[in-house]
Amino acid sequence: MQRVGVLRKPKEESYIDYSLIFIILFLLAFGLVMVYSTSSYEANLDLGDSSYYFRHQLVSTVIGLVAMMIVSYIPYRLFAKFAFPIYIAAAVLLLLVIPFGRTINGAKRWIYIMGMSVQPAEVAKFAVIVFSAALIIKLRKNLMNPKGYATALAFPAFYSLMVYGITRNLSSAIIIMGITVVMLFISTPGYKRYIIAALSVVALVGVVVVIIVNSEHSSGMNYRFERVLAWLDPKAHASGKGFQTLQALYAIGSGGIFGKGLGESMQKMGFIPEAQNDMIFSVICEELGLFGAIAVMLMFLLLIWRLMIIANNAPDMLGALLVIGVMGHISIQVILNIAVVTNTIPNTGITLPFISYGGSAVIIQLAEVGLALNVARNIGR
Amino acid sequence: MKQNARVNKQKFTIGMKKKLVVLFVIVLLAFVGLGVRLILITKNNGEEYEKQVLSQQQYDSTTIPFRRGEIKDANGTTLAYSEKVYNVILDAKLLLRNEKYVDPTVNALVKYFKLDGGAIRNYLSEHPTSQYYTLAKKIEYDQVAPFQDLMTPGTDTYDENIQGVWFEDNYIRKYPNGTLACDVLGFTTGDNIGTYGLEEYYNDTLSGTLGREFGYLDEDSTLERTTIPATDGDSIVTTIDGNLQTIVEKYIKQYNDEHVDNARKGNGANNIGCIMMDVHTGDILAMASYPNFDPNDPRDTSKLIGMPAVDEKGKLIRESDLDSGVYITQEMLDEMPDEQLYQNYNALWRNFCITDTYEPGSVAKPFTVATALETGSITGEEVYNCTGKLDIGGWEIHCHNTYGDGMVSVERGITISCNVAMMHVAQATGVSNFTKFQKSFGFGLKSNVDLAGEARTENTVIKPEEMTPTDLATNAFGQNFDCDMIEMIAAFSSLINGGYYYEPHMVKKIVSSSGSTIKNIEPRILRQTISPSTSEKIIKYCNTVVSNTEEGTGKTARPAGYMIGGKTGTAQTRPRGNRQYVVSFMGYAPADHPDIAIYVVVDRPNVPMQDDAKNATWIVKRVLTEALPYLNYPMTEEISEKEQAELDELRANMVTPSTPNGQEEQAEGENAEGEKAEGENAENTAEEGKTEEKKEDTDKQKNDKKEEKKDDSNIWEKFDVDEATGYYIDPNTHNLVNPENGNEIGGDVLPDFEGEPKANEASEGKSSE
């Protein structure tokens, strides 16, 4: 509580976390530069417009910044009040994918609203933060007994199933569950069950991997299984699922300590497919080297640290949980993205927050930051 | 509501804050772990991956072809040039980006390049990721241009659905004049490498430097793309005069055509070669041999037909020692193994004028005399008694005229080509002087003419320490040592130009692709072989060979209206007694101040009686009749009516426009009507070398001769006449005797040296076939 005193400004009601805003703006600007750098070659080749991806991302970023500002001014308790409608709305958007979904790159994940493509899974991530926070506050005491805990897990799990069932987007489903688990982890005392749960998940994954490896030559392997095999030995699957991963590794390895220089990536020239999306971090490694990559990671760490500070100083439990949800979301996504790029885990389509190309994602993430700023604004009240 | 508010106001407890810190630590650890992983990847695999990245880049250089330099004749006529052509390349990956591209593109390819549409579709379905597949090669620009329009935006026929096709530049070598100067030029193989002739000898000059389009990594390992344009090759200007070359080839071909399948199946001779040279510079004005080939299509088997076949080791095939070879027929070609076929091609492509060695025969006699005069061994006033043979080292060596020529002066020795006289001259000279001069004349040395494939002759002449009196005697009239044509004409030029031995050469200028002169090749005098006064004497002697209308062996070489000099050669081949001859004529013009030399060799002419230099003089006469007016030499001799008729006939087929001859021409024109009656007679004379009509010819000549010198009839003219050939028959030996000079066929001048191991050995090693 002493810290609050330190952070508190003379005008106590209008605390604005400038360092958070600075970090966000830095990441956005850096993201735009990297999107342009990675995509211009291919965009020029395929679309005849080298700035195509850059311009689209720029528009989304501006919209996202506006959303951030709006969200930061709406009292966050209002969100909690409308948590259930928000939950329902996001679920409806997800369901709309079934009839109105638009297929891009073989995945049916987008719907069009007023000429803008929206990825409902991203909206669901925002919704699950707000809804879970509200739910945990509501359950408060009941959270201790298994029934209450199960209730807190059930609603986000329903989202996850919908996201996976409708859009076949496993990574978003994992992130949604992950956000909830992080929030529950903070709001319930004790480590035992989380450690047990984590160990059992690791064990389960281990068993599944062993089964997949042993059944390598049997039929009935779906494409996610091949991804697992490609993860274990990307070179053996260099022409298939391992191609993207292997090319990303080549990019990282060839970057060296200081990289080839901004814009000098060779791997972006058709070797890393869709480099501006999931694999943008590998191009960062190639162009800016270990130095740049670790700087970016430090930037994210700083962001997460700022969010932790805000959560710790939140005026109430709801505010803290909202910020923790945002923090969980960003942490999970950054860690998973970098883990994919470095082939630490199998390839799943996870973007790097604020940096990767993707309109819905950047708007939702900025809205979440707005939520955190909103909470920060109320620090000390 | 109040409770709600209280609940909402739940505080974030210390325990939760602790857990939040734990969460942050976990996230921190995850970041650290990933950071370590990044570092490990860079550290452990950095270099390998860096190489991978570089190797994936398509910076492997592509070469840009150069244009090979041109070969031009002395007048600037192009003999060889390279034309830009295009290879049609299919980029399947690019084409298959969109299904809609496939049909229009394949249809256009079929339409414009007559390609097999089905094959292209097959290839596309089998190799969908291929980016480089050559559909067609060496398509000319006219064919490519309309297709390029299809692909170029802005043209009327532009079709955006034509995708994935591009054109690669290339060059093909073209020889616009077909077979003209083929032996001199050589040809190029597909990859622009010169083979034979100038193309091989000047390959480095003609070849440019390949250009390259390549990517490279600068010091920051950044990929840079650079294009280094190709440097086109330099052109060469030869000393060959295209018109003279055409004249020479025309008459060689005509001789061949008139003698093909004559006495035997096959070409008009095993080889026919002709060189014309400027005696004051060593410039080769024309060089041709037959059989020829078309450098545009050097593997045309039809050119092989009629050639003497060689076996798979390149050795001439013979059924017996007495025949001149086995001549290639279509049936033989059909069954010929590849190795043997290749050897036969080599025989075809070889330039007889520089590659084949043979015994020169009597053409060597002026050298014998020049050596003797120069060394002071004779004065030129000596007179020898020819009894038809001379006994040397235990061998009887005969003269052509086995019945003896009587008293023969040095000059007459040349005129009638008397072997006995030459043997006396050589004996007077001695081995050491003879061999010293032989070397000085360049026999046994490479002439270093700038053509690929010149024969090495150092082992075909007899070394001074090994030369026996018999060798000396036979060498004196050009037997028992081998030379090649270029050696002989270069040496002979020095005899008649005042004694200056010029290095024979083919190229006088090297010009860059932009047209600037890079190098002028000046004539090179290598040495003085004889003194100018000796040279004058040799010219005087050699002039009588042609001008002596009674005894001159080369009188049939004289072109109408001109006086020339020269020397005939009728050389026996090995093994002796095979009745196979290499006949030749070495001529020069004008007779008093020689400027050009011409040397014709007919190797085993396709006639029943080969030992007749008229086979060579026939060609020389016709070439010079056409060449001398072209070279602007005024006529100096009167033209008889018979000759005029011949000239008229010749002019109809002339390569070069006939130059007016002044008054004679005019007078001729006026009398044209009246001379028609003599046309037939003239025609006969024109074809006197044609053996089918030999009998008539020789009868006529015999009659002429009898009329001219009735009292002075030769011994052999009293013999019986052989009906088939018109030759006389020697009652003692039953050999045929040439009615003109008393040559006894089969009664060869040279004994078979088989009994003497040394001579035999030497001749074995020197075999020219």
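Tutor: Here are the labels, one at a time.

Tutor: This is a predicted model, where local features need pLDDT of at least 70, side-chain atom pairs count only at pLDDT 80 or more, and totals for chains, interfaces and linings use all residues. Residues are numbered from 1 along each chain as its sequence is written, while chains are lettered from A and ligands numbered from 1 in the order in which they are written.

Student: What makes D261(B) exposed or buried?

Tutor: Count the C-beta atoms, placed from the backbone: 20 or more others within 10 Å means buried, 12 or fewer exposed, and in between partly exposed. D261(B) has 12 others within 10 Å, so it is exposed. It lies in the loop between α10 and β11 of chain B.

Student: And what does K138(B) count as?

Tutor: K138(B) has 13 C-beta neighbours inside 10 Å, so it counts as partly exposed. K138(B) sits in strand β4 (residues 133-140) of chain B. Its phi is positive, about 55°, although K138(B) is not a glycine.

Student: What is called a helix or a strand?

Tutor: Both are DSSP runs, numbered from the N terminus: helices are H or I with at least four residues, strands are E with at least two.

Student: How do you know that α12(A) is largely enclosed?

Tutor: Of its 33 residues, 26 are buried, so the rest of the structure largely encloses α12(A).

Student: Where does α12(A) bend?

Tutor: At L288(A), by about 125°. The bend is the angle between axes fitted to the seven residues ending there and the seven starting there.

Student: Which strands of chain B form the open sheet, and in what order?

Tutor: The order is β12-β11-β25-β24-β23, with antiparallel pairing. Two strands pair if DSSP finds at least two bridges between them. β23(B) and β24(B) have eight bridges, antiparallel.

Student: Why does each of β12 and β23 of chain B have one side without a neighbour in the sheet?

Tutor: Both stand at the edges, each with a single partner strand, so one side of each has no neighbour in the sheet.

Student: How many residues of chain B are in contact with chain A?

Tutor: 37 residues of chain B are in contact with 44 of chain A. Contact means that C-beta atoms, placed from the backbone, lie within 7 Å. On the side of chain B that touches chain A, α2(B) gives the most, with 26 residues.

Definitions and conventions: Contact = placed C-beta atoms within 7 Å.
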